[in-house]
Amino acid sequence: MTDRDALLDATCDDLLTFLRRSVPRTAETVSSMGLTLHQFRALVILFADEGCTTTDMADAVGVHPSVATGIVQRMVQRGLFERREDASDRRIRRLSLTPEGRALAEEVVGTARAQRRHQLETLDDSRLEALRGILGELIAGLDRTRVPV
């Protein structure tokens with residue numbers, strides 16, 4: 001193993017530890033709002049990408065389409081999502097937020113942002129700027145790279 005391999009592995013481990021430790025705090029908040037983590041993710045995704053399909057939702061949440069169908073159905077039953085016929089293809093159903101769903105999404109996004117801000121407050125301005133640059137590179141790289149299977 002090269003020094004670079006060791007550094008990559010250690011960085012992955014640190015990132016996963018951070019995410020693993022931060023998820024339970026998010027889960028507690030989400031649960032207090034009456035949502036599962038998948039429902040929370042679906043709500044945030046639809047808030048950011050109004051008009052997506054259930055298949056798009058499955059890809060974004062990282063679940064099988066049949067699981068996404070169940071998530072969407074529960075959100076429709078709760079009055080948070082609506083399914084609408086696509087104007088150009090009647091076979092396609094687009095998802096949208098109801099007014100109640102939009103209000104909850106705004107609350108959820110605000111809460112999640114506040115939690116992330118609190119976590120980032122430990123960094124000074126120069127480290128925040130460096131982190132933004134690194135995250136920008138990683139985001140740009142998502143479109144260019146495929147993980148080998």
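**Ground rules.** I number residues from 1 along each chain as its sequence is written, and side-chain values use heavy atoms, with hydrogens and water left out. As the model is predicted, local features need pLDDT of at least 70 and side-chain atom pairs count only at pLDDT 80 or more, while totals for chains, interfaces and linings use all residues.

**Entry 1, the largest pocket.** I looked up open space, where a pocket is an open set of points on a 1 Å grid over the protein atoms alone, with protein on both sides within 12 Å along at least five of seven lines. The largest pocket holds about 1200 Å³, a volume being the space filled by probe spheres set on the points, which are joined across faces, edges and corners. I find 27 residues in its lining, and L15, F18, L131, L135 and L138 are the closest to its centre. (Lining residues have an atom within 4 Å of a point.)

Which helices supply the lining? At least two residues each come from α1 (3-32), α2 (37-48), α5 (99-120) and α6 (125-144), and α1 has the largest share with 13 residues. Helices here are DSSP runs (H or I, at least four residues), numbered from the N terminus. By class I note 17 nonpolar, 5 polar and 5 charged residues; Ala, Val, Leu, Ile, Met, Phe, Trp, Tyr, Cys and Pro count as nonpolar, Asp, Glu, Lys and Arg as charged, and the others, Gly among them, as polar.

I count 1 cavity of 30 Å³ or more, and the largest cavity has a volume of about 30 Å³. Its lining includes T26, T29, V30, M33 and F40, along with V108, T111, A112 and Q115. Both α1 and α5 give two or more residues, with the largest share, 4 residues, from α5. The classes come to 5 nonpolar, 4 polar and no charged residues.

On the surface I noted a nonpolar patch of I134, L135, L138, I139 and L142, with about 510 Å² of accessible area together. I139 sits in helix α6.

Is I139 buried or exposed? I139 counts as exposed because its relative accessibility is 57%, and exposed means over 50%.

Terms used
1 Å grid on protein atoms, 1.4 Å probe; cavity = no way out; pocket = protein on both sides within 12 Å on 5 of 7 lines; lining within 4 Å. Patch = residues over 30% accessible without salt bridge, like charges linked within 9 Å, V, L, I, M, F, W, Y side chains within 5 Å. Areas by Shrake-Rupley, 256 points an atom, 1.4 Å probe, with all protein chains shown as cover. Salt bridge = Lys/Arg side-chain N within 4 Å of Asp/Glu carboxyl O. Buried < 20%, exposed > 50% of the residue type's maximum accessible area, 1.4 Å probe, protein only.
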